[in-house]
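Q: I have a model open and would like to learn how to read its features. Could you walk me through it?

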Amino acid sequence: MKPEFIRNFSIIAHIDHGKSTLADQLLLKSGAIDERTYQAQILDDLDVERERGITVKARAVAIKYPYKGQIYQLNFIDTPGHVDFHYEVSRSLAACEGALLVVDAFQGVQAQTVANAYAAIEAGLEIIPVINKIDLPVTRIEEVCEEIENVIGLDASNALRVSAKAGIGIEDCIEAIIQRIPAPKGLPDAQLRALVFDSKYDDYRGVVTYIRVVDGTIRKKDRIRFMRGATVHEVIELGQFCPFMETVEELGPGQAGYLITGVKVLGNIHVGDTVTLQGNPASEPLPGYKQPKQMVFCGMYPIDATDFEKLRFELDKMLLNDASFSFAPETSDALGFGFRCGFLGMLHMEIIQQRLEKEADVDLIQTAPNVTYQLLKRTGELVTIDNPAEVPDSGSIDEFREPIARVTFILPTASMGTIMQLCSDRRGEYKSTEFLGRDRAQLVYEMPLAEIIYDMHDKLKSITRGYGTMDYEVVGFKAADLVKLDILVKGNLVEALATIVHRQSAERRGRALVKKLKEEIPRHQFEVPIQAAIGSRVIARETIQALRKNVTAKCYGGDISRKRKLLQKQKEGKKRMKQFGEVEIPQKAFLSVLEAG
Ligand code: GDP
Ligand code: MG
């Protein structure tokens, strides 16, 4: 296919503004799927995506569309909107020449609209603003166009007006894509350079690698080389997603698709790598991607110790499909052998954990998440810490530094006062305010990341009754008066429950935490004291009273089925428990740290 008849674009937007629904319409209107195979948000095929109604993974799809006597091939990528998945978006943008910026006709420009639009501008893409949901009973189309011009600085005079749900304006949208988005450059006869922009593991075929050809042509049976590791493979299958996998004989410049080499070894394929031909290799690889920095860490331990190797294999598989997370083996006195895993944010962590349990069927104990810290030691050495248990004796620390994020809120002006108070309670530093119209404003703060990631989004949503949105990025590390808060259960230090807190809030946090743990840890045959301590100083204490009788004693003599049910229930409850000395601690207790604000 000649590059002049190819268009590559991403669909970007704030969450819920209708990206996936617009993708459905593009598939429908091009005839790639018919009404029968149609299913809302058809590209969101991961279990977690369908369950939560959000896009987690970017999807690349090729459709054909006749226009002025020519068949055009449109390759598009539906992307996730949530802040944790910026990395997915930025990778997708690098494989395109244009982007559809979808904006809800009522909600207007929101925090991730701005963040994603800037990323597209930075990537040098042609951006087509699309006002979606024009079928809503109440819309603010004119104001939304103004917001696009004022906040993002894009010309919105020729913004498209569509309803992805009702199928209005889709043809115009496709025509605009063909007319306005530049065709890919690149010569079919040049030395092959194809960008690996994603990959996944298929149990039957091994690794499926997603590529976008930049220069040259790749054909079935070619011997190819992944430039990073210089590993050589034969292309067994080449294809495109239309939206289901369809094989092709070759992919030329500007085309996106997949290749299968039959490699079952994970770890050979890297997102951002360049594929070239072994016989006629390119001299320079493509620029690739910046490696994202994981900012949230937690421990993941198999409940059943024999699952350790299985968990490692599953984590490798996950890494292949999501290069933005990381893991390394670690051991804990109490939890045994497990992994320290790094994520881009809390939602990312939840999604990975859920995917592991669903797709891999491994039951996990997950420890409370924490952000990374830097320690400047008295010796002058600077170390990065991603586990509170690693914090050394305070005597050896010169400076304790925490990550600082720049947070951008877009809110109704009526909620500004409350949000500003919340930010200052959380050690935020005010930066700027900009009014976006009569009753909305953009507010910028710099604030410790630890004060944002756990519940800031929920707080914002409840204060603004859903109308406020936020986005953040880490801008650096800053010294703060931080201490490690230890938890002792029946006199034993449970390192997996340790957290790092600001000294000012240590006592309040300690009290809240032991109280929460008292609720989460079941009663035992003996008394279980729970203490919070900084170093050797105990700052809070609660006691779980001993059980008085056996639970089954509650049942009347003959009621066997009830007794069985009770025992069954106990067994299920046990599934997610870990034994610490004599005390059993359930999974939920490890996460109490999050709730004990
Ligand atoms: P995404 O997060 O940007 O991918 O958004 P989705 O495509 O998942 O859509 C979010 C919600 O908006 C869904 O409930 C859709 O049914 C709804 N939606 C999408 N497009 C339209 C539209 O044009 N009109 C209306 N009324 N609702 C829409
Ligand atoms: Mg979506």
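Q: What classes of residue make up the shell around ligand 1?
A: In this predicted model, the shell has eight polar, five charged and three nonpolar residues. The classes go like this: Ala, Val, Leu, Ile, Met, Phe, Trp, Tyr, Cys and Pro are nonpolar, Asp, Glu, Lys and Arg are charged, and the others, Gly among them, are polar. As for ground rules, local features need pLDDT of at least 70, side-chain atom pairs count only at pLDDT 80 or more, totals for chains, interfaces and linings use all residues, and side-chain values use heavy atoms, with hydrogens and water left out. Residues are numbered from 1 along each chain as its sequence is written, while chains are lettered from A and ligands numbered from 1 in the order written.

Q: Which residues are the closest to ligand 1?
A: A residue belongs here if one of its heavy atoms lies within 4 Å of the molecule. Of the 16 that surround ligand 1, the closest are Asp16, Lys19, Thr21, Asp135 and Ala164. Helix 1 (residues 19-29) gives the most, three residues; helices are DSSP runs of H or I with at least four residues, strands are E runs of at least two, and both are numbered from the N terminus.

Q: Is histidine 14 buried or exposed?
A: Buried means under 20% relative accessible area, exposed over 50%, partly exposed in between (1.4 Å probe, protein chains only). Histidine 14 has 5%, so it counts as buried. You'll find histidine 14 in the loop between strand 1 (6-13) and helix 1, and a polar atom of its side chain lies 3.1 Å from the backbone nitrogen of glutamine 112. Threonine 247, in strand 13 (residues 245-247), is exposed at 56%.

Q: How many residues does the largest nonpolar core have?
A: In soluble globular proteins, nonpolar side chains tend to be buried together. A core is a set of buried Ala, Val, Leu, Ile, Met, Phe, Trp, Tyr and Cys residues joined through side-chain atoms within 4.5 Å. The largest here has 51 residues, and Phe409 and Tyr472 have the most contacts inside it. Strand 24 (residues 397-412) supplies the largest share of this core, six residues. Another core lies apart from it, with 43 residues, including Val271 and Leu436.

Methods:
Polar contact = N/O pair within 3.5 Å; in protein donor to acceptor, adjacent residues only side chain to side chain.
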